[in-house]
Amino acid sequence: MHQEPSAEARVETLALQNISKAFGGVAALIDTSLELVRGEIHALIGENGAGKSTLINIATGVYRPDRGVIRVGGQVVHFSSPGAAAEHGVAVVHQERNLVRKFSLAENLLLGRQPVNKGLVSYRQMVADAKPWLERVGLHFDPRTEASRLSPGQAQLLEIAKALTRRCQVLLLDEPTSSITDAEFEHLMGILRELRDAGTSIVFVSHKLEEVYALCSRVTVLRDGRNVLNGVPLAEVSQGDIVRAMVGRHIELFASTGATRRETGPAHLELRGVSTELGHHRIDLTLHRGEIVGLYGLVGAGRTELARSIVGLAKITGGELRVAGKPAKIRNPYDALRHHRIGYVSEDRKDEGLILTHSISRNVGMTVWRRLEAKMGWISESRVRPHVTPPLRRLDVRMHRVSQPVGSLSGGNQQKVSAAKWIAADAELLIFDEPTVGIDVAAKDAMHRLIAELADDGTAILLISSDLREVVQLADRIVVMGEFRILDELAGGGEYGPISERVMQAITAATLAASPVARDAVAGSPTH
Amino acid sequence: MAAGAAIEGQIDAAAPIPRLLTNAVERVREGLGTQTSAIGLIFLITITWTAFGIAGSGFLGSYNLYSIGQLAARDAVLGMAQAMLIVVARMNLAVGSIGAVCTSMLGYLLVSAGVPLWLAFLLVAAVGVLAALLMGAVELMTGLSSFIVTLAFLSAYAGGALLFTGGQQYQINSSLITRLGNGTLFSSAICPLVAVAVVCGVVCWLLYNRNSLGWKMLAVGANERAARASGVNVSRVVLAAYALSGLLCAVATVMNASYELNVNAGFGSDWLLPSFIAAVLGGVALTGGEISVTGILLAALFFDSLQSGLTIINVPSYWIELPEGLVLLVAVLLDRARRARRRTMRPRSLAGTPAPEPDPVAAQ
């Protein structure tokens with residue numbers, strides 16, 4: 001199904017050979033290679049900390065290798081700076097966006113290389129220059145549009161356009177799909193294929209194996225700074241092989257075991273016509289004990305905001321919130337935890353989920369200190385430890401000891417610690433907000449298992465995710481949200497295809513409906 | 001996959017030794033990391049004492065050591081009062097003004113009102129706590145920074161204390177207070193106030209290490225959003241920190257009054273600088289979430305030794321304020337350097353065991 005470049009077309013573009021790199025005496029890469037040929041999309045995968053970023057930074061001249069050779073088009077080169085790499089046609093699109101939100105698309109696109117006329121930037125020229133590049137990646141916008149108006153997926157496309165303006169032959173994409181929707185991914189895929197057919201070599205870094213299989217022809221897998229697979233055609237390896245290569249052992253992916261809908265208990269959380277200060281209006285939502293409700297929607301649909309309102313991080317301005325059948329007033333997460341056993345695993349792991357400078361034990365224990373303390377609040381690490389270790393063990397957190405700062409763990413393990421805190425707290429209702437974004441396959445799998453097990457044990461779970469596959473896989477019920485409203489509700493556990501179609505329909509219908517309604521409202525208001 | 005398996009075997013075989021090593025190194029580093037300021041301060045104090053012992057006659061004499069201890073004890077308690085709020089990522093610019101209010105109260109109660117000593121102590125403590133709580137309440141209600149709020153109360157309280165006393169002097173003649181500030185403990189070189197400071201230090205240490213309130217204070221200071229989202233009642237914790245800071249200001253008031261004896265509402269106007277120096281030089285991170293009580297005690301001792309030494313070698317008193325300010329500057333720079341170093345250390349220790357991450361939970 002993928003077109004292999006034919007033998008005579010196998011022209012090497014960028015090759016990194018036997019690269020070694022150490023930081024402060026610690027090896028990050030050991031004899032690692034990555035070889036690209038003209039017109040291919042090459043997957044580069046590995047767990048967090050496997051060395052992908054270091055390799056990309058070497059390919060783009062940010063770091064210099066300690067040993068090894070870099071060749072561009074067969075010529076040995078030495079990149080002394082990122083600029084040098086760009087001159088050789090190597091461009092990179094980083095995971096974090098580098099756009100200036102207040103600048104126009106054209107300004108962002110040609111930042112630092114604006115057309116100049118007599119010492120002044122010629123805006124007219126810039127807009128004209130930008131147009132074809134935007135068209136090329138399918139951004140049919142006026143180049144004068146402010147960049148802040150782009151969705152994350154469109155911002156990604158703008159970044160790619162930016163790389164293209166530098167006339168690159170090699171394009172490195174570092175997790176381009178971590179925050180975009182399925183539809184945007186389809187679009188991105190189309191563009192990347194066009195680029196490939198035009199002869200560009202593309203490196204695609206992703207944690208999502210489905211995407212890798214859909215898009216790439218060859219794969220290089222890194223583990224602990226070494227090549228485990230080196231440019232192997234994807235047709236020759238199964239997903240299981242790749243996962244095994246990445247994690248170094250065999251794991252049966254939970255996501256491939258097939259979903260079963262579970263028997264659910266009585267209603268635990270009920271929102272009746274709830275409005276919030278963040279802009280929700282008349283939200284009805286019920287969560288039963290032992291049920292996973294997937295809350296799906298595009299970025300900006302109001303899902304995180306709803307979760308924050310439930311746990312008291314934002315105000316509920318109307319309607320009724322009931323927990324276990326009784327009306328509840330939750331003013332802050334302290335109320336949520338203490339009176340209702342509700343926990344919130346934040347999407348913002350670094351700023352809200354964890355205290356990175358504090359120990360694992362302090363982070364996990366925070367929710368249970370109140371329960372464990374003696375009179376006057378006396379408490380000790382040894383008293384907390386027996387309550388902290390079981391959830392960490394259950395989640396298989398890789399660490400040296402519980403006194404280690406959380407910040408020294410890998411992203412996946414940090415996410416596990418962030419969840420472990422609420423398991424220690426024995427939460428009866430848990431809200432997981434994008435629990436698997438940016439974490440590796442093994443950690444993601446562990447999170448999926450955990451969520452399912454918790455529900456099996458009777459915990460009510462609200463799963464917020466932009467990964468529809470994850471939602472379909474895990475949720476007993478799927479609630480689709482858009483524009484701070486609930487658009488549709490359907491049963492989970494079915495076939496991905498039809499569900500995805502219906503979900504997308506609901507979202508599209510809502511977007512279409514939104515415009516005439518808005519127009520009516522505007523036209524109607526002044527006359528009354 | 002064969003190649004993968006081979007590499008796997010290799011790494012697994014080689015792993016235990018470096019893993020043990022990095023484990024041990026990191027453990028030592030972690031232990032030292034929290035105590036670097038204390039170790040450095042012991043070193044500084046040794047140098048200061050040696051240098052002034054040689055240069056200035058009488059520096060190591062019991063009379064001089066006594067007065068260093070007297071001052072350092074008060075400054076250490078001021079440092080702890082300041083640290084209570086620095087730990088929760090706030091600050092208390094009004095330590096001195098709360099001191100002025102408490103001093104006026106103490107003078108009035110003992111001299112003008114003739115209240116029994118125990119009751120006077122209790123009321124002064126209550127006034128200190130209330131004065132600080134009021135600032136905390138204002139901060140929480142208005143959402144202004146503690147800098148602004150405590151700055152406003154700095155002048156409000158100082159002015160209030162003056163109004164209340166009308167500038168009156170109070171001559172305290174309680175024998176217990178006199179003995180506290182001018183008696184001796186164990187040796188003629190040790191002022192009993194040193195014991196007061198050590199007791200406060202022990203209580204603070206217990207708070208931060210063995211009490212959930214102290215743990216919550218550290219959590220709020222390190223990352224308020226995360227603490228709130230994890231169910232910590234942030235407002236309550238912040239108010240408690242203010243209250244404890246006020247309580248320690250009241251303790252410092254009594255300490256100060258016990259060796260001055262003739263007190264007025266002008267007391268406390270020079271407390272702010274030593275409170276910051278003791279806290280920051282002692283290793284309390286200005287960004288919050290970190291504490292070293294030992295560091296505070298040692299920093300106060302160092303600071304007052306330096307001052308005393310400069311006086312003994314006849315540096316004019318106008319000049320002594322110059323190094324005071326410089327010490328604070330150096331303390332802040334050290335604080336920054338410490339944190340910068342820790343930041344660069346972290347990724348390294350992260351990559352420190354690039355091979356298999358250790359057994360889950362097993363190693364504790």
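**Sheet, helix pair and confidence**

Biologist: In what order do the 6 strands of the open sheet in chain A stand?

Modeller: This is a predicted model; local features need pLDDT of at least 70, side-chain atom pairs count only at pLDDT 80 or more, and totals for chains, interfaces and linings use all residues. Residues are numbered from 1 along each chain as written, with chains lettered from A and ligands numbered from 1 in written order. Strands are DSSP runs (E, at least two residues; helices H or I, at least four), numbered from the N terminus, and two pair if DSSP finds at least two bridges between them. The pairing is mixed, and the order is β18-β19-β20-β15-β21-β22.

Biologist: Which strands stand at the edges?

Modeller: An edge strand here has a single partner, so one side is left without a neighbour in the sheet. That holds in chain A for β18 (342-345) and β22 (485-491).

Biologist: Which residue is the bridge partner of V345(A) in β19(A)?

Modeller: β18(A) and β19(A) (residues 429-433) run parallel, joined by 4 bridges. The partner of V345(A) is F432(A).

Biologist: At what angle do α8 and α9 of chain B pack?

Modeller: α8(B) spans residues 192-210 and α9(B) 212-222. Their axes, lines fitted to C-alpha atoms over the stretch in contact, are compared by N-to-C direction from 0 to 180 degrees. The axes lie 5 Å apart, and the angle is about 70°.

Biologist: What pLDDT does chain B average?

Modeller: pLDDT is the predictor's confidence in each residue, from 0 to 100. In chain B, 83% of the residues score at least 70. The average is 82.
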